[in-house]
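This briefing goes through one protein chain by topic. Please look over the sequence and the structure before reading the points.

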Amino acid sequence: MAISLNPSQREAVEHDRGPLLVLAGAGSGKTGVVTQRIARLIRNGTPGHAILAMTFTNKAAAEMQERVVRLAGPQATKGLFTCTFHRFGLEVLTRETKALALRGGAFAIFDRGDCTSLVRDALRGIVTGRNYDVGAILNRISLAKNAFLDAEGYAATVAESDDEYDTITAQVYPRYEAMLRSLQAFDFDDLVTEPVRLWRRIPEVLERWRRRFTFLIVDEYQDTNLSQLEMLRLLAAEHRNLCVVGDDDQAIYAWRGADVRNILDFERHFPGAKVVRLEENYRSSAAVLAVANAVLASSHARRHGKTLRATRGAGSSVQVITMADAGTEAAWVGDRIHRLVQSGEVRPRDVAILYRSNLQAPELEGELRTRGIPHRVFGGTQTFERKEIKDLLAYLLVAVAPDSSELAVRRTLNYPARGIGEAALERIGHHATLHDRSLWATIERSHAVSELADAARQGCRDYARVVAELQRDIDALPMADATRRLVERIALKAQIWAECGQNLKAAGRRWSSVELLLRFLDKRDRAIAAMPEDARPGRRAALAQMVRLMMLREDSSDEDGEDYVTLTTMHGAKGLEFRYVFAVGLEEGLMPHARTLEERTTDPGPSALSDEAVDEIEEERRLFYVTVTRAKEHLFLCHARARVVRGRVVKRVPSRFLLELPEKLYEKCDVLEPPRGDAAVEQAGMADVLAALLAARGPD
């Protein structure tokens, strides 16, 4: 099953060997190009197991795999490895434990919460009476690791810095690394940097991986950092069959270490590279694309030149709405969405509200809730980061890999409470170290642990029984069903309600996240059941790897297919598309954000390691471009004349990105007070929407 390709897409798909850079503008069909290219390689004789395709979320990797299987068939694609960079790094570390010289061939993966605890422990040994932003320290360590700076190298780099966060990070970093190694653990960044260090140290290990993968394909290449670039350089150094797809105009993640220079300098990194530009846009109307192109036309940044061309009609005019204040903005957006949904021609899922900061969400959400519009706010604590989910995942990890999951054992041993307190756990841990056993093996032999109270010993027996029953369920049942039995066995629902007391809303929210996990596992079970029997992964090994990745959770959204309006940050909207997009808060100080307009002095952000100042205003411009190109048909660009900032009303001016747009590209109108009835539609000057609404209502 092949899709129709335009000439540029065909050129990218049919490229044979050697480095290839595909510059894929927003909405230009890059996913089809990537999957068609993989399918063509397979049809032309390249075995699936010789192809490595990498992207940045588990969801994107799964969709890529699905599409390729549909194109080339399940047998031909057997062994095809589509994954994230970190999933691939985990594969390398898992298969190279001997070369890594790990005790017992086992290691743990620490998630953000685990790493935060380590930093706090390290700080306690350094300072007292001073609170530091642990996240800011972790960000600096992360950036240092991805720049291949060890603790000593980082300390040398920041030796002359006046920033107190540079100084404290230089002290924390070596302690943090020592604690990780003592626990035989890797953090998220290690999943990429440690394979690279291993390959540099032992060339024959690198050669094994080079022989395994002779074609490399990378999506969203503009989001790569130095360590990911180095991983690709080492893997592709001999065969040079590296195809990368990306768009420097959508490079918006410098704050988390991505380096737009990777895509800008691709031809220097991989000499002789072929460059293909995808400029035909299949997503947005011509009116939306005219604004998008104008946003980039004012850019002063170095970029690969490209201009999006519409394949759809002109569409409705883009609207620039000036609001009296933030309350009016939220009410107007809520009213407009309510009218659209009420008309019956627009589904909630067709609509998104995009903003620069999560602080803008509550007022907007309140307006939607008041009008009874189903909606979902993305951002803040994600479902798979919540305590009850991490507890369940830890139980699953203990069941499938008990001897190599000490952290998971520690997390679940006394949850729910089994009479095993800190003192008992310390005795068990000491006994395990003394007899060179895993924590799990010691719990199974709790009768041999001296000075352990009877209640704690009984708790160990109860815990071992729960895990043993879960192991039997995992071997016999679909994963979702096994997890449901665990939830019942540990009375998790009652536990959640007891912990939340009278806060029924919090209890309901926590329980809904458990239900979401079960739906996720149901979906996974169905996907595995649909695979040919000989292609299905080994039950326990595959589950262990899946759980570890879920605990890291690279995906940014908790999509479950429901019909709701999406509220998310502009960063969170990347990769998504909607018929109607309302971009709000387009004012100086929000877009571009205030921190990009002020000189950094004590800001503990992640810019300290940069040799060249990052042009943050231009990154904000690219973020605005990403925002505009999420819209398929209707785009509303909203800004307020006043907004409450730190408790006081402050006058606002429109974003420079709005002021740079040629006036011929949009319709402008003012909303001076919250809408009342149908007047709001007339006030916005949207005759086409009004006609549709009147038609939907019929005669009075």
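This is a predicted model: local features need pLDDT of at least 70, side-chain atom pairs count only at pLDDT 80 or more; totals for chains, interfaces and linings use all residues.

Residues are numbered from 1 along each chain as its sequence is written, and side-chain values use heavy atoms, with hydrogens and water left out.

**Chain and confidence**

- The protein chain holds 30 helices and 19 strands; helices (H or I, at least four residues) and strands (E, at least two) are DSSP runs, numbered from the N terminus.
- Of its 700 residues, 55% count as buried; buried means under 20% relative accessible area, exposed means over 50%, and partly exposed lies in between (1.4 Å probe, protein chains only).
- Among contacts between residues at least 6 apart in sequence, 79% join residues at least 24 apart; a contact means heavy atoms within 4.5 Å.
- The average pLDDT of the protein chain is 86, and 88% of the residues score at least 70; pLDDT is the predictor's confidence in each residue, from 0 to 100.
- Residues 553-560 have a pLDDT below 50, and this stretch has 26 contacts in the model beyond near neighbours in sequence.
- Residues 599-614 also have a pLDDT below 50, with 25 contacts in the model beyond near neighbours in sequence.

**Pocket and cavity**

- Rolling a probe the size of a water molecule over the atoms shows where empty space is left.
- On a 1 Å grid over the protein atoms alone, a cavity is a set of points where a 1.4 Å probe fits but cannot get out, and a pocket is an open set with protein on both sides within 12 Å along at least five of seven lines; lining residues have an atom within 4 Å of a point.
- Grid points are joined across faces, edges and corners, and a volume is the space filled by probe spheres set on the points.
- The second largest pocket contains about 1300 Å³ of space.
- Its lining has 43 residues, and Leu183, Ser405, Glu406, Leu407 and Arg410 lie nearest the centre of the pocket.
- Elements that each supply at least two residues of this lining include β4 (108-109), α6 (112-124), α18 (387-400) and α19 (406-412); the largest share, seven residues, comes from α20.
- By class, the lining of the second largest pocket has 18 nonpolar, 11 polar and 14 charged residues; Ala, Val, Leu, Ile, Met, Phe, Trp, Tyr, Cys and Pro count as nonpolar, Asp, Glu, Lys and Arg as charged, and the others, Gly among them, as polar.
- The count of cavities of 30 Å³ or more comes to one, and the largest cavity holds about 70 Å³ of space.
- Residues lining the largest cavity include Asp248, Asp249, Arg302, Arg303, Glu618, Arg621 and Arg622.
- Helix α27 (residues 616-628) gives the largest share of the cavity lining, three residues, and the lining as a whole has three nonpolar, one polar and seven charged residues.

- Threonine 442 lies in helix α21 and counts as buried because its relative accessibility is 1%.
- Leaving aside neighbours within four places in sequence, threonine 442 is in contact with Ile428, His431, Ala432, Arg437 and Val449.
- Asparagine 262 has its place in helix α13 (residues 261-264) and is buried, at 4% relative accessibility.
- Asparagine 262 and asparagine 225 are 37 residues apart in sequence, and their C-alpha atoms are 7.4 Å apart.

**Hairpin**

- Strands β17 (residues 642-645) and β18 (residues 648-651) run antiparallel and are joined by four bridges; two strands pair if DSSP finds at least two bridges between them.
- Valine 644 stands opposite valine 649 in β18.
- Two residues lie between the strands of this hairpin, and arginine 646 in the turn has a positive phi of about 50°.

**Backbone features in loops**

- The peptide bond from tyrosine 415 to proline 416 is cis, with omega near -5°; proline 416 is in the loop between α19 and α20.
- Another cis peptide bond, with omega near 5°, runs from methionine 591 to proline 592.
- Aspartate 436, in the loop between α20 and α21, has a positive phi of about 55° although it is not a glycine, and is exposed at 72% relative accessible area.
- Alanine 491 has a positive phi near 50° and is partly exposed, with a relative accessible area of 39%.
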